[in-house]
Amino acid sequence: MVTAAEQGKETRARLMAAATDSIAEFGWGAVTTRMVAERAGLRPGLVHYHFHSVTDLLIDASLQVARTEYANVMTGVFAASGPAAMAQILAAIGSYTATDPTTVAMSEMMLAATRHERLRDELRRFVVEARTALTDWFRDQRLVTDPEATATVVLALIDGLIMHRLIDPALRSVDVTGPLLRATGLTESGTSEGNCDAHTSAGKRNRD
């Protein structure tokens, strides 16, 4: 027998998945309660039963996507060391495309954060957590003398590269291996040259 708690958890999961798909397809501002409910195959009333508003649903859904994406990438990074870890990051950067629903949803989330204080605060906490984890990794690796500053630059570099490649796909052919390694106190010895999109990892997805 399925318990009420399990059923509620499944309903929330369906609603958040439907919300993410709706954000990617129609844009944050166009998503409605009925749209999400119909996509999830549920009654509209369930949206407001499980969430205070459709905006709260969109915030929770997009934050879950962001945390899942980050975990998928960084699990491989934290399990590696030196150039191999940076190769994991480059592979992840190369896997995002302008038509990927997850990437579109996350881009919409970043824009929405300028309008919704709760989303902005939650994203700030998430970025702090991510920066702290990466700082700890750099400290353990003993690659640089300023692990926190390096972690800050690397995270900003990841976001910037993804955004620039979405705007200008031609940048996918530019190899940024050397600059990334130098920024993290590493050299290109021991890692392959060439297009960074050629790097592969367990976390890379085929999104095209």
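**Entry 1: overall layout**

I started with the secondary structure, and the protein chain has nine helices and zero strands. Helices here are DSSP runs of H or I with at least four residues, strands are E runs of at least two, and numbering goes from the N terminus. Read from the N terminus on, the elements go α-α-α-α-α-α-α-α-α.

Residues are numbered from 1 along each chain as its sequence is written, and side-chain values use heavy atoms, with hydrogens and water left out.

I looked up pLDDT, the predictor's confidence in each residue, from 0 to 100. The protein chain has a mean pLDDT of 85, and 89% of its residues reach 70 or more. Over residues 190–208, though, pLDDT stays under 50, and the model has 45 contacts beyond four places in sequence for that stretch. Contact means heavy atoms within 4.5 Å. Where pLDDT is low, the predicted coordinates should not be read in detail.

**Entry 2: inside and outside**

How many of the 208 residues of the protein chain count as buried? I found 43%. Buried means under 20% relative accessible area, exposed means over 50%, and partly exposed is in between (1.4 Å probe, protein chains only). I also checked contacts with a separation of 6 or more: 62% of them join residues 24 or more positions apart.

**Entry 3: the core**

Next I went for the largest nonpolar core, which has 55 residues. A nonpolar core is a set of buried Ala, Val, Leu, Ile, Met, Phe, Trp, Tyr and Cys residues joined through side-chain atoms within 4.5 Å. Leu15, Trp28, Leu57, Met86, Ile89, Leu119 and Leu134 touch the most other members. Helix H4 (residues 54–79) gives the most to this core, with 10 residues. In soluble globular proteins, nonpolar side chains tend to be buried together.

I zoomed in on Ile89: not counting residues up to four places away in sequence, Ile89 touches Val77, Val154, Ile158 and Leu180.

**Entry 4: two helices crossing**

At what angle do helix H1 (residues 4–26) and helix H6 (residues 101–112) pack? The angle is about 85°, and their axes are 8 Å apart. Axes are lines fitted to C-alpha atoms, for helices over the stretch in contact, and angles run from 0 to 180 degrees between N-to-C directions. That makes H1 roughly perpendicular to H6, a label for angles of 65 to 115 degrees. H1 brings Thr20, Ile23 and Ala24 to the contact, and H6 brings Pro101, Val104, Ala105 and Glu108.

Val65 lies in helix H4 and counts as buried at 14% relative accessibility. Leaving aside its neighbours within four places in sequence, Val65 is in contact with Thr20, Thr102 and Met106. Val65 and Thr103 are 38 residues apart in sequence, and I get 9.5 Å between their C-alpha atoms.

Phe126 lies in helix H7. Is Phe126 buried or exposed? Phe126 is buried, with a relative accessible area of 12%. Apart from its neighbours within four places in sequence, Phe126 is in contact with Ala66, Arg67 and Tyr70. Leu63 is 63 residues from Phe126 along the chain, yet their C-alpha atoms are separated by 8.7 Å.

**Entry 5: two arginines**

Arg139 lies in helix H7 (residues 117–141) and is partly exposed, with a relative accessible area of 46%. Its C-alpha atom is separated by 9.8 Å from that of Ala151, 12 residues apart along the chain.

Arg142 sits in the loop between H7 and helix H8 (147–167). Arg142 counts as exposed at 75% relative accessibility. I also noted that Arg142 has a positive phi of about 55° although it is not a glycine.

How values were computed: Predicted model: local features only at pLDDT ≥ 70, side-chain atom pairs only at ≥ 80, totals over all residues. Parallel < 35°, antiparallel > 145°, perpendicular 65-115°, else oblique.
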